[in-house]
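Here are my notes on the model you sent over. Have it open while you read, and go through the points in order.

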Amino acid sequence: MVTEAQASGVSLGKVSSVESSPEDHALENKGTGTWSLTAWVSEVQAFEARAVRAQAWETQAFEAQSRASHPKVTPVTGAAAAPVLRQRFLPEKVQVPEEEKSELLITRPFWSNKAEYLLAQVGYTMRPASLWSFCYLWLHSGGGIFLIIYIFLLFLIGIPLLFLEMTAGQSMRQGNIGVWKAINPWTGGIGYTSLMVCFINGLFLNVVTAWILFYLSQSFQFPVPWEKCPLLENASGFDPECARTTPSLYFWYRMTLKASDSIESIGPPVLSLTLPLFVSLCLLGAFMLKGLKWTGKVMCVLVSTSGLIMLYLVVRSIMLEGAVFGLHYMTVVKISTIADASIWHGAGNQVLCSLGLGFGSIVSIASHMESSNSCLSDAVIVALANLVSMMLVTPFIFSVLGFWATQLTHHCNA
């Protein structure tokens with residue numbers, strides 16, 4: 001019996017030498033002549049205890065790594081876990097910082113389809129202020145020469161910068177503040193500054209929306225209040241102040257804005273515009289709270305409706321009296337102004353403002369798009385759509401200017 005135990009002890013010592021433990025080597029190096037039954041039993045028990053501890057450690061390491069990489073994977077038990085437990089996992093690879101764990105749990109929603117994404121980008125660039133400034137620069141910057149300079153700078157500066165902002169938001173999948181912090185922590189203040197600029201710009205645009213809603217509510221009257229001058233309180237005649245100007249200007253300054261006579265006199269708040277402004281803010285908040293899918297649907301309706309309205313206004317304005325004079329002035333080309341640096345400066349500023357570059361909104365909108373999306377084609381489509389929208393608004397405004405000039409001329413001659 002002692003001989004068999006000694007032989008078994010020697011074989012167990014050789015098997016356990018794979019673990020490279022000093023105690024296991026000591027078990028193998030012991031002489032067969034000094035072995036006893038009690039020593040052999042104690043060595044076997046120690047070996048079994050070490051095996052149990054090693055298996056428990058491997059089980060804990062596997063579970064920790066499974067939770068870090070696949071949070072929803074169900075634990076494997078029984079015979080199916082045996083092949084997996086044979087793999088070794090180092091403790092330093094299993095430990096995951098808390099910040100990385102929190103980042104893994106953050107998910108950013110995607111746009112429902114690419115059409116909603118493109119319409120959101122196009123709708124952001126179709127601001128009334130940029131459309132009006134384009135026509136103003138066309139009028140005072142050489143006519144058709146300004147259009148040539150604008151298109152040149154659009155492809156030279158506008159589309160590359162637009163592509164850069166789309167790529168930054170789409171690849172990093174963060175907003176404007178997060179993108180600037182990822183570039184350099186010291187530049188995070190640029191993101192906060194652009195956020196404040198967007199907030200101030202949003203207040204201005206909501207006021208413009210309130211004006212639009214006010215005009216929409218007044219347009220249901222027949223005749224519209226800006227068609228004729230209002231009568232005096234005793235109905236003895238028209239308001240003499242309105243008689244000195246046009247009914248539309250009188251309605252805008254006196255009945256809509258209720259502008260004071262000088263900038264020093266502030267005057268009371270205009271209550272007729274308070275309700276439209278409140279409705280505008282409520283609609284904006286409702287669209288934002290509903291999430292990205294609602295925002296995409298709203299942009300589909302608003303952008304397509306705006307395009308149809310602009311097309312209708314162009315057709316209707318061309319039929320106005322005196323519109324041909326405005327369109328004739330629009331086609332004037334002053335070649336000598338191509339060397340004027342101020343025109344190039346104005347065209348470059350118009351490219352940056354019309355596309356909304358630097359505000360951070362393009363980055364935020366693009367961060368909800370998949371990384372495999374082609375940003376270059378999107379940048380070209382958005383830039384060309386913005387150019388087409390301005391080209392639609394320009395003949396409309398020039399036709400209206402020709403109509404106003406004709407009406408004022410008739411009024412002065414009368």
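Predicted model: local features only at pLDDT ≥ 70, side-chain atom pairs only at ≥ 80, totals over all residues.

1. I began with helix 17, whose buried residues are Ile343, Gly346, Ala347, Gly348, Gln350, Val351, Ser354 and Leu355.

2. Helix 17 is 15 residues long and covers 22 Å between its first and last C-alpha, close to the 21 Å expected at 1.5 Å a residue. Just after helix 17 comes Gly356, with a positive phi of about 70°.

3. Next, the largest nonpolar core. It contains 45 residues, and Tyr117 and Met166 have the most contacts inside it. At least two core residues come from each of helix 7 (114–125), helix 8 (128–140), helix 9 (144–172), helix 15 (292–318), helix 17 (341–355), helix 18 (361–366) and helix 19 (375–413). Helix 9 gives the largest share, ten residues.

4. Have a look around Met166. Leaving aside residues up to four places away in sequence, Met166 touches Tyr117 and Gln121, then Ile362 and Ala366, and also Cys375, Asp378, Ala379 and Val382.

5. How do helix 11 and helix 13 pack? Helix 11 (residues 188–218) meets helix 13 (residues 247–256) at an angle of about 110°, and their axes are 13 Å apart. Angles of 65 to 115 degrees count as roughly perpendicular, so that is the label for helix 11 and helix 13. Their crossing is right-handed.

6. If you want to see where that pair touches, pick out Trp211, Phe214, Tyr215 and Gln218 on helix 11; they meet Phe251, Trp252, Met255 and Thr256 of helix 13.

Notes. Residues numbered from 1 in each chain as written. Heavy atoms only, no water. Core = buried A, V, L, I, M, F, W, Y, C linked by side-chain atoms within 4.5 Å. Buried < 20%, exposed > 50% of the residue type's maximum accessible area, 1.4 Å probe, protein only. Helix = DSSP H or I, 4+ residues; strand = E, 2+ residues; numbered from the N terminus. Contact = heavy atoms within 4.5 Å. Expected span 1.5 Å × (residues − 1). Axes fitted to C-alpha atoms, helices over the stretch in contact; angles between N-to-C directions. Parallel < 35°, antiparallel > 145°, perpendicular 65-115°, else oblique. Left-handed = near helix turned anticlockwise from the far one by under 90°.
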